[in-house]
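Here is a short briefing for a reader new to this structure. Take a look at the model before reading on.

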Amino acid sequence: MSLVVTGALAVRTGPGGPGEAGPEPGGDVVVDAAGRVVAVGPDAARDVGPDVGRGGAAGPDGARLDATGCVVTPGLVNAHHHLLQTAFRTLPGTRGVPMRDWLPAMAAAYERAHVDAELVGAAARAGLAEALLCGVTTVADHHLTWPAHVDVAGSVDLARAAAAAADEVGARLVLVRGTAGDDAERAALSADAIAAALVGASPGGVRPDGRVQVAVGPAGVHSDGETTFRLLGEVAARRGLRRRTQANEQVDVAAALERYGRRPLDLLADWGWLAPDVAVAHLCDVTDDEIARVAASGASATHAPGCDVPMGWGVAPVARLLAAGVRVGLGTSGGGSNDAGHLLADARLAMQVSALAGRQLAAREVLDAATAGSADGLGRPELGRLSPGSAADLCVWDVSGVPDAGVADPVAGLLWASPGRRPRHVVVGGRVVVRDGRLVTADEREVARVLTRRVERVAA
Ligand SMILES: [Zn+2]
């Protein structure tokens, strides 16, 4: 046994788990040396023996986490981020502007910054360190920026830089080889080369240790044509990769109507991109017929209100998507629109704004979306839940302080109370990566300094 978490007030194991509708039973989580959950519940740690985590079988790392006064949840899964944009937060010209102005402002910033492996690595390191400190153990990085000066080999270097950052800080990364108007053939060659380099022939495009995954994803029908979707789809089919795209924010619908006289989901369906291995982010402006169509296709959705709301795209009808049987995950989107990678804060926002889009979502529905829902959309059912056999990615949230005083339901309170809360401890694959609110895998200040210096060098 490698880790035990003991004495939690409540353990949220995920949909279908004990106390699914609350209250969840408290107790322990026991993790084996392979980083998998072996037992959860009251007294689960009793049979493990007192030596575990005290320099005994678990090694000297003190791998026994006291969760007294705490709620334990699965690690959060951010199903939609653009990590490079971490370097461009609060960028002048990108706030309070329509997307037709936002896109060129971001493109100009990328151009000025001369996107290379150094910048990609520094932004990913900062974004992933931030993720862990906020309880996000897996990040899907929809990387859309592959400048013209970067050839196929260079694109592999960019991907390697992001993967190295994930390995360094101890987060799980899903690198989505995206496109945004890229040359289709080159993008397909690049996606294939990135998959070969990062995950080889591993099933599902997941590295054998489960910490790096490769997927493909055109930014949307507003930026990429049928050839790009088809060629990236072929790479995905050949290598068993998941597919992701974005659809039905305002510009996407307007561009599709203008260019093709059709709505984006019609095009995606025609192009073979409404299928069980596809996840579609945003989906703000969708009709009931379109929701039924997504549900029938088996595709999943990623809700990103921390981007959609400030961009003025509206609120995706999550309750109607769920009612139709669509799997819904949660993402932050990137620093160009949402300046924080704090998925729990966006879960709170998702819950708050849901009342404007049909029905107030329950805290547990949103929490499940931000964990199991996101994981399922990535084809990773072992993530986002804490049942025996699941990956031991978990957060220990201290709910004993004043921000939670008087809270009747501590699991619902994770979202309703204490906005911006951070976990006390975070574990990825059985390894403690955040302890007592501090990153243990890297020097947080140094991670920030490296990115700041790189950005300032460009500005100078
Ligand atoms: Zn997005």
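Predicted model: local features only at pLDDT ≥ 70, side-chain atom pairs only at ≥ 80, totals over all residues.

A zinc ion has five named protein donors to look for: His80, His82, Gln246, His282 and Ser333. The structure also holds four aromatic pairs. Two arginines, Arg177 and Arg243, lie over tryptophan rings.

**Zinc site**

- Along the chain, the donors follow the spacing H-x1-H-x163-Q-x35-H-x50-S.
- Gln246 and His282 link distant parts of the chain, 36 residues apart.
- Gln246 sits in strand E11 (residues 242–247), while His282 sits in strand E12 (residues 278–282).
- Gln246 has 7% relative accessibility, so this residue counts as buried.
- His282 counts as buried too, because its relative accessibility is 2%.

**Aromatic pairs**

- A pair of aromatic rings is described by the distance of the centres and the angle of the planes.
- Among the four pairs is the one formed by Phe229 and Trp273, which is edge-to-face.
- The ring centres of Phe229 and Trp273 are 5.1 Å apart, with 90 degrees between the planes.
- This pair links distant parts of the chain, 44 residues apart.
- Phe229 belongs to helix H5 (residues 226–239), and Trp273 to the loop between helix H7 (264–270) and E12.
- Both Phe229 and Trp273 are buried.
- Tyr260 and Trp271 have ring centres 5.7 Å apart and planes at 75 degrees, so their pair is edge-to-face.
- This pair also links distant parts of the chain, 11 residues apart.
- Tyr260 lies in helix H6 (residues 250–260), and Trp271 in the loop between H7 and E12.
- Tyr260 is partly exposed, because its relative accessible area is 31%.
- Trp271 is buried, because its relative accessible area is 12%.
- Ring pairs join Phe229, Tyr260, Trp271 and Trp273 into a cluster.

**Charges over rings**

- Arg243 lies over the face of Trp273, at 4.8 Å from the ring centre.
- Trp273 is also a member of the aromatic cluster.
- The charged end of Arg177 sits over the ring of Trp146, 4.3 Å from its centre.

How values were computed: Residues numbered from 1 in each chain as written. Heavy atoms only, no water. Donors = N, O, S within 2.8 Å, 3.2 Å for Na, K, Ca; no water. Helix = DSSP H or I, 4+ residues; strand = E, 2+ residues; numbered from the N terminus. Buried < 20%, exposed > 50% of the residue type's maximum accessible area, 1.4 Å probe, protein only. Phe/Tyr/Trp six-rings, centres within 6.5 Å; stacked < 30°, edge-to-face > 60°. Lys NZ or Arg CZ within 6 Å of the ring centre and 35° of its normal.
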